[in-house]
Amino acid sequence: MSTQILICDDSALARKQMARALPAGLADDILFATNGEEALQILRGHKAELLFLDLNMPEMDGYQVLEHIRKEDLPVLTIVVSGDIQPEARERVRKLGAIDFIKKPTDTGLVTRLLEEYGFYRPGELETAALKDSSLRSSVSKAREISVSLNDYLQEIANVAMGRSSDLLARLLRVFVKQPIPKVAFIANSELHMAISAAQQGEAYSAVCQGFTGAGLAGEALLLFQDASFQEMAELLHYDVVDGEAVNVEVLMDMSSILFGAFLNGIGDQLDLKLGLGHPSVLGQHRPINELLEHHSKREEQLLCIEISYAIENRDIHCDMLILFTEDSVPFLEKRLEYLVD
């Protein structure tokens, strides 16, 4: 009898990729949950033996799901599948009872090796059984017919790219970076400042921007750094001097180099292309968000915006990164979506 498997992820693309990574014949019925609470309801009904669990989800994240599984003593083994690859994230999920950790995007070979190691899969046996069971073939086929929109696709690749940039930042500073859920939206240039959820009324920010291009893609990366975070960040970066205008600019440039490079490389790797970065430039310092983004408001173009709000655990450090794709980039992204999900 095959293993009953539950895949829990708020991303339609991630659910589809995880289902496709499973060896043929492993699951007689793959179940899906789009959030933590939905997953727990399935587990409480004893409908799954093996759970593939995302960490970064709205309302109830993967850490909370693991806590409930342990507290309620639910009979399921959990493998975490996440874009958050910080060493601390791996350690935390193991302490909460996960048997292993797989980084996104999912590696089919690694999934197969882990399933074999934990006794869920024996090569050859289940494939033979699957060929004799038309209902199993039908259920696996159905699992792979998950509909994926452009927003789903972009949010998931942004989630993986964010995991890389957060991991780099965490290793350099020896901190734990809180992982938000990336926000994806089409917005007008004139409305850009309204899209920034992290911006607080009355707070002053400083900003740096950097253009990027790649085959079929063009856009701009913006980093908006809260002024109140400068001194503490300079201390974490081990600067000899931790305050002053020159230090603030140095912090902006160092942070943009860390975050832009890792994030855009993460996107490029997933799209199988190279994104080239232009020279960074400071947009302004110690000003409200709407003033820093004033140069965008004069242009009428619609932008495809990915927003990520970074925060460091137990530190008063906050910054907001925007990746802005031009309208002309959208058709190319849609073609890449078709390629990745087929």
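Leaving aside neighbours within four places in sequence, which residues is aspartate 54 in contact with? The views below are of a predicted model, in which local features need pLDDT of at least 70, side-chain atom pairs count only at pLDDT 80 or more, and totals for chains, interfaces and linings use all residues. Residues are numbered from 1 along each chain as its sequence is written, and side-chain values use heavy atoms, with hydrogens and water left out.

**View A. Surroundings of aspartate 54.** With neighbours within four places in sequence set aside, aspartate 54 is in contact (heavy atoms within 4.5 Å) with Cys8, Asp9, Asp10, Gly62, Val81, Ser82 and Lys104. Aspartate 54 lies in the loop between strand S3 (50-53) and helix H3 (62-72); helices (H or I, at least four residues) and strands (E, at least two) are DSSP runs, numbered from the N terminus. Aspartate 54 counts as buried because its relative accessibility is 1%, where buried means under 20% relative accessible area, exposed over 50% and partly exposed in between (1.4 Å probe, protein chains only). An unreviewed UniProt entry places the feature "modified residue: 4-aspartylphosphate" at Asp54; UniProt positions are given in the numbering used here, feature names are shortened, and annotations may be inferred rather than shown by experiment. Cysteine 8, one of the contacts of aspartate 54, is buried at a relative accessible area of 1%.

**View B. Aromatic pairs.** The structure holds 2 aromatic pairs. Rings of Phe, Tyr and Trp (its six-membered ring) pair if their centres lie within 6.5 Å; planes under 30 degrees apart count as stacked, over 60 as edge-to-face and the rest as tilted. Phenylalanine 212 and phenylalanine 325 make an edge-to-face pair, 5.6 Å centre to centre with 80° between the planes. Phenylalanine 212 belongs to strand S8 (residues 205-214) and phenylalanine 325 to strand S13 (residues 318-325), so the pair ties together parts that are 113 residues apart in sequence. Both phenylalanine 212 and phenylalanine 325 are buried. The pair of phenylalanine 225 and phenylalanine 230 is tilted, at 4.8 Å centre to centre and 35° between the planes. Phenylalanine 225 is buried at a relative accessible area of 0%, and phenylalanine 230 counts as buried at 3% relative accessibility.

**View C. Arginine 92 and phenylalanine 176.** The charged end of arginine 92 sits over the ring of phenylalanine 176, 3.9 Å from the ring centre. For this assignment, NZ of Lys or CZ of Arg must be within 6 Å of the ring centre and within 35 degrees of the ring normal.

**View D. Strand S13 and its partners.** Of the 8 residues of S13, 7 are buried. Two strands pair if DSSP finds at least two bridges between them. Strand S9 (residues 217-226) pairs with S13 in the antiparallel sense over 7 bridges, and glutamate 220 stands opposite leucine 324 in S13. Strand S12 (residues 302-312) also pairs with S13 in the antiparallel sense, over 8 bridges, and alanine 311 stands opposite histidine 318 in S13. S12 and S13 form a hairpin with 5 residues between them, and asparagine 314 in the turn has a positive phi of about 65°.

**View E. Alanine 262 in helix H10.** Alanine 262 is found in helix H10 (residues 245-271) and is buried, with a relative accessible area of 14%. The C-alpha atoms of alanine 262 and serine 165 are separated by 4.8 Å, although these residues are 97 residues apart along the chain. Leaving aside neighbours within four places in sequence, alanine 262 is in contact with Ala161, Arg164, Ser165 and Leu168.
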